[in-house]
Amino acid sequence: MDDQYILVIDQSTSGTKALIVDQQGNVVAKKTGSHKQIYPQSGWVEHDPIEIYECVKDAINAIAQSNQTIIEKLKALTITNQRETVIVWDKQTGEPVYNAIVWQCRRTTSMCTFLKQEGYEEKVHLKTGLTIDPYFSATKVKWILDNITGARERAENGDLLLGTIDSWLLWKLTNGSVHATDVTNASRTLLFNINSLNWDDELLDIFTIPRSMLPEVRFSDEVYGFIEDRELFIPKIPVSGIIGDSQAALFAQRCFHKGMAKATFGTGTSVMVFTEEHVDAKDGLVTSIAWGLNGEVTYALEGIIHTTGDILKWMKDDLTLFEDFSEAETLAAMLKDNGGVYLVPAFVGLGAPYWSPNTRAGITGMSRNTNKSHIIRAGLESIVYQVKDVIQLIYKDTNVAVKELKVDGGATTNAFLMQFLSDVLGIKVIVSNVSELSALGSAYLGGLGIRLWDSIEVIDQLRNEQHIFEPKMSPTKREKFYSEWKKAIHALLT
């Protein structure tokens, strides 16, 4: 059999990667690029959609030029993406009417509060599995329509389209011939009914969004269309496979059985457990579609942590506490403990289980003996405590004990962090030796769509190298650290 390859676009909060994956599930080539983070005012986060697509094109063309013998063997392009970030654009000109509003953005906090006060929370939750929160897409779209001159009129006239990043990239890659999304991305918008698997008219009315703006919803493993952008140095291959990045990582981690869980460490962290059936989320968890495969959907419960990897970036770039991330690990490991210092990284509010969008970050427990190593360690530890919050919530809601946690993302290279995670959770932490798991999950789904692989059983047999951390901390010490974390949280809750 001739070698065959998948080209993956992994469009994340901080940048874009183009990767080539072979039939054995190996990443054989990668190109990366970054885009600007735009902060118009406190709590607001935006991206330039045109810049993002240019980054995608640059990454595709760079990987094509340096892998010319492989490019002719590409069988499909797949997309995995930052999820709730949303764009509104003119369907004739392709021009965005405003910047992309990023999942981290909190500008619609008061809007969400008003909708809750109007009594919509339970209805929205029953239909979507989500909570009314600025994190999700619907209120971001409503804000654009309500605040950008002429946008609502143009939308009601059928002139504007909306979409999460996957829809935008698909529309651009196909020269505007395909306006679609997959079930995982749709399930993060607050507009999609995860029971009936349709855009919901009642939800559209609540958020005052015209149906004509919406993309078609398809399964994650479908063939969506073909590459039409002539500025790309690749063949006219199909776009097969689209999935939100966190669900893509769940798939790549081979969490195919009920109760299997993973955590993806990026700017924020998604802790997700595969439930197979729809389980009603409570107490700050959300229910999402895990993926759509072979014409059927399966479900997952998720706890969303707004700020994890961004803590490290903040300590490095803004506080200049260290010059590279390996230095942070060294400085934290030199201390015998955190010295009573706790950092609560509520830079954009707190996610599960608190869902407190107005809470802001703070550091507690400092003394005159506190130095930068204590702050660094407190930042790293805060990532772990937030994960424990979510793991405990999953058990409370499902009675399913997570016996091991599969992890991926940039922060997993920090051995101190991974060992502390295992210690505080009291379970095995399994680190994949493949760092690009969201891309790999997308490649698997796209490959299933074009029959590059015949089934998930075939994918489950592919090589899967891992490194395992096991708990070493005593239960007494574990509980002491965690109870002090809870005190720090409650001191800041507003």
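## Charges and their pairs

The chain carries 48 positive and 62 negative side chains, and the centres of these two sets lie 5 Å apart. The model is a predicted one. Side chains of opposite charge can pair when their charged atoms come close. Here the structure holds 28 salt bridges.

The table lists three of these pairs.

| Pair | N to O distance |
|---|---|
| Arg 188 and Glu 84 | 2.7 Å |
| Lys 486 and Asp 389 | 3.7 Å |
| Glu 277 and Lys 258 | 3.8 Å |

Start with Arg 188 and Glu 84, whose side chains meet in a salt bridge. This pair links distant parts of the chain, 104 residues apart. Arg 188 sits in the loop between α8 (183-186) and β10 (192-193). Glu 84 sits in the loop between β5 (74-81) and β6 (86-90). Both residues, Arg 188 and Glu 84, are buried. They also belong to a network of salt bridges that links Arg 83, Glu 84, Arg 188, Asp 245 and Glu 302.

Next comes the salt bridge between Glu 277 and Lys 258. It too links distant parts of the chain, 19 residues apart. Glu 277 is in the loop between β16 (269-276) and β17 (286-293). Lys 258 is in the loop between α10 (245-252) and β15 (261-265). Are these two buried or exposed? Glu 277 has a relative accessible area of 43%, so it counts as partly exposed. Lys 258 has 54%, so it counts as exposed, the cut-off being over 50%.

Lys 486 is partly exposed, at 24% relative accessible area. Asp 389 has 4%, so it is buried, the cut-off being under 20%.

## The whole chain

Now step back. The chain has 17 helices and 23 strands. Its C-alpha atoms fill a box of roughly 60 × 60 × 45 Å along the principal axes. Does the radius of gyration agree or disagree with that of a compact globule? For 494 residues, such a globule would have a radius near 23 Å; the chain has 22 Å, so the two agree.

Buried residues make up 62% of the 494. Of the contacts with a separation of 6 or more, 71% join residues 24 or more positions apart. The accessible surface comes to about 18,900 Å², and carbon and sulfur atoms account for 47% of that surface.

How values were computed. Residues numbered from 1 in each chain as written. Predicted model: local features only at pLDDT ≥ 70, side-chain atom pairs only at ≥ 80, totals over all residues. Heavy atoms only, no water. Salt bridge = Lys/Arg side-chain N within 4 Å of Asp/Glu carboxyl O. Helix = DSSP H or I, 4+ residues; strand = E, 2+ residues; numbered from the N terminus. Buried < 20%, exposed > 50% of the residue type's maximum accessible area, 1.4 Å probe, protein only. Rg over C-alpha atoms; globule rule 2.2 N^0.38 Å. Contact = heavy atoms within 4.5 Å. Areas by Shrake-Rupley, 256 points an atom, 1.4 Å probe, with all protein chains shown as cover. Lys, Arg positive; Asp, Glu negative; His and termini not counted. Charge placed at Lys NZ, Arg CZ, Asp CG, Glu CD.
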